[in-house]
Amino acid sequence: MIGLISATAAGAAARDRLAAAWPARTRVYDGSGGDAGSVGDAVRRAFGECDRLVCFLATGAVVRLIAPLLDDKTTDPGVVCVDEAGRFAVSLVGGHGGGANELAREVGDLLGAEPVVTTATDAVGVPGLDTLGLPVEGDVAGVSRALLDGEPVGLDAATVWPLPALPFAADGAYTVRVTDRVVAAAERLVILRPPSLVVGVGASKGAPVDEVLGLVEDALRDAGLSARSVAELATVDAKAEEPGVVGAAARLGVPLVTYTAGELATVDVPNPSGAPLAAVGTPSVAEAAALVRGGELLVPKRKSARTDGQPAMATCAVVRRPARGRLAVVGLGPGARDLLTPRAREELRRASVLVGLDQYVDQIRDLLRPGTRILESGLGAEEERARTAVSEARRGQAVALIGSGDAGVYAMASPALAEASDDIDVVGVPGVTAALAAAAILGAPLGHDHVSISLSDLHTPWEVIERRVRAAAEADIVVTFYNPRSRGRDWQLPKALAILSGHREPTTPVGVVRNASRPDESSRLTTLAGLDPATVDMMTVVTVGNTATREIAGRMVTPRGYRWQEEPK
């Protein structure tokens, strides 16, 4: 919950905007009683009841109010201050652990305020070791300072995991170790815990939670494995609501995943048994549930130890699953920086490897974190880039594969996903397409049904393209042509326009936009008869209206076709 505290009418107005935008996330604490005691009481209550605070007060006042309340940066709420004019959202305390840095950015986006983040790692573009999404232990402050100071920090990755770019050295006096094994704490050492372990659990009806949990903890400890690397508990679906199993997962803080007996029965295990076969229909629960999605069996099935002489009521097995690389296919939009989505920016910052066309890489090079490995190539190497991106992801890397516009529209998503199998995680990040950017410049040409057609026959036979153009012409659909004309392909656009002319009037509006949203953007509105194909190139998008499209006040407009528009006035 986010506590919102204000003391004046101006602060309350901004506070109420946040409360209205985030009704399920916020709680208002009114400190407008006219004295310092009212504000102090509101801050104290919010500090004790919420995990983050937004104070519409001067930073000095907030510093004095929260100073006696601060205890530990790992448990204190993050605090953001917003000045009464709404110009700045200052991350005051708890930037990383308390989430204040991200909250300052969110508040800034909503209120139009400038987020102010002074955390050292954020200031220089190095991700904080405690912001990587993995449990972290050890000398976080010392190793982070070494990274900031440019001292060599080595990476010891016993388990490969898709991390964002960090300026690691081959070796160094400081070390970041990625491992699921128990490691003794040491100066100049940070340990990152990847969620690489799956614990399969079987349990008799009524098995106590302490017996199930104790068995799991003992198995991990005896194998030298960290409980902080457990990603999930897994069992048969017949035990999905068994209190002891559900409670053990809750106390470990991990999800409980279940599989059918039929799924588990197909898994080859070293220690099958007749007891679970008779009880739930599979010869193995613990080992099979841990192994069903593959991995290395680190702890074979073991039973819980009872001190009362009664039969064991729980079994468990531990498996290490291989790391899954991450491939983000990112659309950069038409070129303007302000049309690059926040999600695309986030994925660019998250990647340790960037794959893309050289000219697109140049557009966003400044947004990458220091240490990002860049694999760029020229025009015509689309399939090579797709294979490279997938290959890097299969090596366990966090990869961003970039394309212009939306990466799924005549760009890199389709060749990459055709190459990828289910051994990596794939994330699609949408972008503003060239057709949409051009349409916004022209007016509203896509107000009704529309289609995009590429006129490039490098990968698609012209006969197929021509059939699609004819279908759009006969169906009276607005058409946006991508890749309309190049030096080596100068006849396709005239041919396509001739096909459309067989079904539309010569006066049909046609919009021509070159370099949409870029500094050298140009656009013009002409007609089907008036368009000179020689003025079009590969940087141009051509939009041909349907029979209802009109030029209105210098803009290209295709009516929605509402029936009321046809009624006499």
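How close do the axes of α7 and α8 come, and at roughly what angle do they cross? In this predicted model, the axes of α7 and α8 come within 8 Å and cross at roughly 55°, where axes are lines fitted to C-alpha atoms, for helices over the stretch in contact, and angles run from 0 to 180 degrees between N-to-C directions. Because the model is predicted, local features need pLDDT of at least 70 and side-chain atom pairs count only at pLDDT 80 or more, while totals for chains, interfaces and linings use all residues. Residues are numbered from 1 along each chain as its sequence is written, and side-chain values use heavy atoms, with hydrogens and water left out.

**Overall architecture**

- The protein chain has 18 helices and 28 strands, these being DSSP runs numbered from the N terminus, with helices of type H or I and at least four residues, and strands of type E and at least two.
- The C-alpha trace of the protein chain spans about 95 × 70 × 60 Å along its principal axes.
- Of the 569 residues in the protein chain, 45% are buried, where buried means under 20% relative accessible area, exposed over 50%, and partly exposed in between, with a 1.4 Å probe and protein chains only.
- Among contacts in the protein chain with a separation of 6 or more, 64% come from residues 24 or more positions apart, a contact being heavy atoms within 4.5 Å.

- Five strands form an open sheet in the order β13-β12-β11-β15-β14, with mixed pairing; two strands pair if DSSP finds at least two bridges between them.
- The edges are taken by β13 (256-259) and β14 (296-303), each with a single partner strand, so one side of each is left without a neighbour in the sheet.
- From one strand to the next, the twist averages 25°.
- Strands β11 (residues 197-203) and β12 (residues 230-236) run parallel and are joined by four bridges, with G200 having A234 as its bridge partner in β12.
- Helix α7 (residues 209-222) lies across β11, β12, β14 and β15 (314-320), and runs at about 40° to β15.
- Helix α8 (residues 243-252) lies across β11, β12 and β13, and runs at about 175° to β12.

**Helix pairs**

- The crossing angle and axis distance of α7 and α8 are roughly 55° and within 8 Å, which makes α7 oblique to α8; angles under 35 degrees count as roughly parallel, over 145 as roughly antiparallel, 65 to 115 as roughly perpendicular and the rest as oblique.

**The enclosed strand β19**

- Six of the six residues of β19 (residues 398-403) are buried, so this strand is largely enclosed by the rest of the structure.
- Both of its faces are covered, with A398, A400 and I402 buried on one side and V399, L401 and G403 buried on the other.
- Strand β16 (residues 326-331) runs parallel to β19 and is joined to it by six bridges, with G331 opposite G403.
- Strand β17 (residues 353-357) also pairs with β19 in the parallel sense, over three bridges, with V355 opposite L401.

**Cysteines**

- The count of disulfides comes to zero, a disulfide being a pair of cysteine sulfur atoms within 2.5 Å.
- The sulfur of C50 is 10 Å from its closest cysteine sulfur, in C55, which is too far for a bond, and C50 is buried at 7% relative accessibility.
- For C81, the closest cysteine sulfur is also in C55, at 5.4 Å and too far for a bond, and C81 is buried with a relative accessible area of 1%.

**The loop residue N483**

- N483 lies in the loop between β23 (478-482) and α18, and counts as partly exposed at 22% relative accessibility.
- Leaving aside neighbours within four places in sequence, N483 is in contact with S454, L455, S456, R489 and M538.
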